[in-house]
Amino acid sequence: MAEHDDPVRFLAYGRLSDGLVMASHKSRRAPGACEETCGKVLESGNLKQNAQLTVTVTPEIGTLHLNAGSNDVIAVVTSHLYPRKNAFKLLDEIRAQVSQASIAPLDVDAAHTKNCFAKQLPFMKEAVIRYAEMGSSGNENAGGGNSKIAQVHGQVQEVQTMMEGNINRMLDNAETVGAVEDKSEALRHSATQFNRRSEHIKRMMWWRQVKIKLIFATLVLCVLGYIVVPIIVQATKDD
């Protein structure tokens, strides 16, 4: 790991719906793009409830790990060689601390300013420092010979991240197919209802035409009777 890099670089607690960062801490030597990149991902609106995700951005910026709840999300940016297991352990610890701080979903929905929960979550700074030391000690114990193992471990994490991304895309496609099937079923139901209404209207129109014809026939017979009957009666009298 480069001398100017921190293993744990940026930690944020945000709202899932719009990415509002309600508490955060940035390490002293973290690249400036960490916070910006994390903010863009949180604001993207592509995160799902109760999901975990790891995204390797660049070696310079690092790897973004996300732990989403029902309406909030906790994110941490680490170096690309930082153990994924430690990153999610940190996220789980922060989520437990959020619960202990009595931050309810209603409080999250009502938040409207950046870092509005910073005073309620002061342990984020301590957690970043503590988990950064865990990563640093692991790297120091590894030695030069184990650097290849760390590199392979990083590559495995990248492959795992790609697989998770593919699975998420497959799930998205499955949801899309399900939505299309639901819409098709709704259209079929609507078409059936339309056909039934059409048949009913046809029958009503047919009966209406029959009634009109009967009325006209009755009127014609009445008129003919009014004209013809007197003539016949008069002719009978003349005879």
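Q: In the hairpin of strand 1 and strand 2, which residue takes a positive phi, and how many residues lie between the strands?
A: In this predicted model, the residue is Gly19, whose phi is positive and near 80°, and the hairpin has five residues between its two strands.

Q: Why are strand 1 and strand 2 said to pair?
A: Pairing requires at least two bridges between two strands, and five bridges join strand 1 to strand 2 (residues 21-26), so the two count as paired, and they run antiparallel.

Q: Why is strand 1 described as largely enclosed by the rest of the structure?
A: A residue is buried when its relative accessible area is under 20%, and eight of the eight residues of strand 1 (residues 8-15) are buried, so the description applies.

Q: What makes the span of helix 2 close to the expected one?
A: Helix 2 (residues 84-100) has 17 residues, for which 1.5 Å a residue gives an expected 24 Å, and from its first C-alpha to its last it reaches 25 Å.

Q: Which residues of helix 2 are called buried?
A: Among them are Phe88, Leu91, Ile94 and Val98, and the word applies to each because its relative accessible area is under 20%.

Conventions
Residues numbered from 1 in each chain as written. Predicted model: local features only at pLDDT ≥ 70, side-chain atom pairs only at ≥ 80, totals over all residues. Heavy atoms only, no water. Helix = DSSP H or I, 4+ residues; strand = E, 2+ residues; numbered from the N terminus. Expected span 1.5 Å × (residues − 1). Buried < 20%, exposed > 50% of the residue type's maximum accessible area, 1.4 Å probe, protein only.
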